[in-house]
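This report walks through one chain and its predicted model. Keep the sequence and the structure open while reading.

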Amino acid sequence: TYVAMSDSQIDSSSSAFSNSSSRASNPDQAGSRSGNRINLSSDRHWRDVFWLGIFAIHLVGLGFVLAILGLNRFKKSDRLNIDRYTYGILENRKGLTEDYWPLYAVAGGVGTVLGWIWLLFLGSQANHMMKVSVHILTTYLAVISVFSFWVEQFFWGVAFAIGAVLQFLYVISVIERLPFTMLVLQKAVKMVWSLPDVMRVAYAFMLVMLVWMGIWSFGASGVVASSFGDGGRWWLLVVLSISLFWTGAVLCNTVHVIVSGMVFLVLIHGGREAATMPAKSLMKSIRYAVTTSFGSICYGSLFTAAIRTLRWEIRGFRSKIGNNECLLCCVDFLFHLVETLVRFFNKYAYVQIAVYGKGFNHSARDAWELFQSTGVEALIAYDCSGAVLLMGTVLGGLITGTCSGVWAYSKSKERVVMVGSTAMLMGMILVGLAMVVVESAVTSIYICYAEDPLLINRWDAEFFNQLSETLHQRLQYRSARAREVLAHNRLDGSIQDPPSV
C-alpha cells in the first residue's frame, strides 16, 4: 500500500509538472484555477464563532484578574485585603508589584528591540541571522545550564542541559536538509522584502502585543510579590503563561493570515502592481483576519504550535533510530498519531483561511489533501524552515529571559527563575511576531506550488527548477525505501512459514 501511494504521488507530481509546462506558452492562464476560487468579497461568513467567544471571554476575564493581582500589591502590601482568604498558604512577605514590574519592562523592551532588529535586517542579514540561530542555540542553552547550576537551581540546570542535548541531536539529524531549508527561507525573505506594507503590519501587531504584555506583566509582578507560597505562585504563573502563550499565538497567526494572504495574491496575479490585483487587498486581508476569520485563528492557535513541534522532534528522532525494531515500532505509532493530528491542525490552514475564508478544520484538511494528492507533502517533510525560525524565536526568548534574570538576581535571588522564565516567554512571543512574517511566505509558496507550479515558475524560474528537482528526488527516495521495507517484510514472512510436506 505504501509503495502504491508513493508511486501515485510520483505520477501526480509528474502530471502537475507536465500541465504547467503545457501552459507555459500562455502565462495568462497561470493561477486561473486558484484565482477563480479566491474569495475577497465582502460577504464572507463568520467561522468558528464559538472559539472567538471563548477567546474574548478569556481575555476580558483575565484582564480583570490581572488588574486585581497587580493592584493588591501596588505601593501597598495587601491593598485589597486578599490575603485574609489565603491564610493557610501565606509566607507573610512584604514584596510590592513595582519591585518586579520594571524587570518585565526590560523583557518587553529587549524582546521588542530584537524583533525590530530582525525585521530591519530581514532583507540584508536574514540568512546569516538564521544560520547563527541554528548553531548558537545549543551553546546558549549549555551556558544557561551552567549558570543555573551555579545559582543552585539544579532542576533548571538539568532542564537546560537536556534542551541543549536535544537541540544538538536535532541539528545533527537534519544537517543534510539545511541547504534546501536555507534556499526556501531566502526566497521567502525575497518575497516579503518586496512587500513593505506587510512589514509595517508586523510592527503594528508587535506594539499591540507590547500593550497587552504591559497589563499581563502588571498582574504577573503582583503574583511574584504576593504572600503565596512558592507552590501557589508557580501555579498562578503557569496559568498566566498559558494564557499569554495563547494570546501571543493568536496575534502571531493573525499576522500569518494577513501576510500569507498577500503573498498568495501576489503570486497568483503575477506581482503587486498587476492590473488584476484586487484593490485595497491588504486592508481587506486585515479586516477579514480580525473579523470573520478571527474565530478560526483563535481555534487553530490552541493546537498547531504544540503539534508541529512534536512532529519535528519525532521526525528527527525517527530518522536516527536505525534497526531497533521495538523502538521503531513505538516511534512509528507516535509518528502516525501525530500525522493524523497534523491533518486537522497545520499552519497551511491559515493560507486557506486568508484566501478562501474557510473554517480552520476545513482549511487544514483541504491543504493537507492538496499536498498529499500532488506529492508536495514529501517536500514539506524535507523542509526544516519552521524549525529554523523556531530556533531563532527560542534564542530571542533566551536572551530576553537572561537580561531580566540577571537583574532579578541582583535584587532577589529566590525570584530569578520565576522572573526569568516568564520573561523568556514574553521575548519568544515578541520575536515570534517578527519571524512569522517569513514563515507565512514559506507556507504560501508551498500552497501555490501545489495549486499550480507555474505560479512559482513565473515568479522565479530557477527556484521552480530547484523545487521540482528536490521533490522528484524525495518521491524517488520514499518509493525506493517503501519497496525495500516491503521486500524485507515478505522475506521475513517466507522464512517464518513452515516448509510444506
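Is C252 buried or exposed? C252 is buried, at a relative accessible area of 12%. Buried here means under 20% relative accessible area, exposed means over 50%, and partly exposed is in between (1.4 Å probe, protein chains only).

## Basis of the model

This is a predicted model, where local features need pLDDT of at least 70, side-chain atom pairs count only at pLDDT 80 or more, and totals for chains, interfaces and linings use all residues. Residues are numbered from 1 along each chain as its sequence is written, and side-chain values use heavy atoms, with hydrogens and water left out.

## Overall make-up

The chain has 20 helices and zero strands. Both are DSSP runs numbered from the N terminus: helices are H or I with at least four residues, strands are E with at least two. Of the 501 residues, 52% count as buried.

Contact means heavy atoms within 4.5 Å. Among contacts in the chain with a separation of 6 or more, 80% join residues 24 or more positions apart.

## Cysteines

The disulfide count is zero. The rule asks for a pair of cysteine sulfur atoms within 2.5 Å.

## Helix α3 and its flanks

Helix α3 covers residues 49-71, 23 residues in total. From first C-alpha to last it reaches 33 Å, close to the 33 Å expected at 1.5 Å a residue. That expected span is 1.5 Å times one less than the number of residues. The buried residues of α3 are L52, F55, H58, L62, G63, L66, L69 and G70. An α-helix has 3.6 residues a turn, so residues three or four places apart point the same way. The cover over the buried residues of α3 includes α4 (97-120), α8 (196-224), α9 and α11 (294-301).

Most residues other than glycine have a negative phi. D48 has a positive phi near 50°. D48 sits in the loop between α2 (32-35) and α3, and is partly exposed at 26% relative accessibility. K75 also has a positive phi, near 65°. K75 lies in the loop between α3 and α4, and counts as exposed at 61%.

## Two buried polar residues

N253 belongs to helix α9 (residues 230-269). N253 is buried, at 10% relative accessible area. Its side chain makes a polar contact with the side chain of Y350, at 3.0 Å. A polar contact is a pair of N or O atoms within 3.5 Å; within protein, one must be able to donate a hydrogen and the other to accept it, and residues adjacent in sequence count only if both atoms are side-chain atoms. Beyond neighbours within four places in sequence, N253 touches I297, S301, T304 and Y350.

Q167 is in helix α6 (residues 154-173). Q167 is buried, with a relative accessible area of 10%. A polar atom of the Q167 side chain lies 3.5 Å from the backbone oxygen of V134.

## Crossing of α14 and α18

The axes of α14 (residues 349-356) and α18 (residues 416-451) come within 9 Å and cross at roughly 75°. That makes α14 roughly perpendicular to α18. Axes are lines fitted to C-alpha atoms, for helices over the stretch in contact, and angles run from 0 to 180 degrees between N-to-C directions. Under 35 degrees counts as roughly parallel, over 145 as roughly antiparallel, 65 to 115 as roughly perpendicular and the rest as oblique. V351, Q352 and Y356 in α14 meet T443, S444, I447 and E451 in α18.
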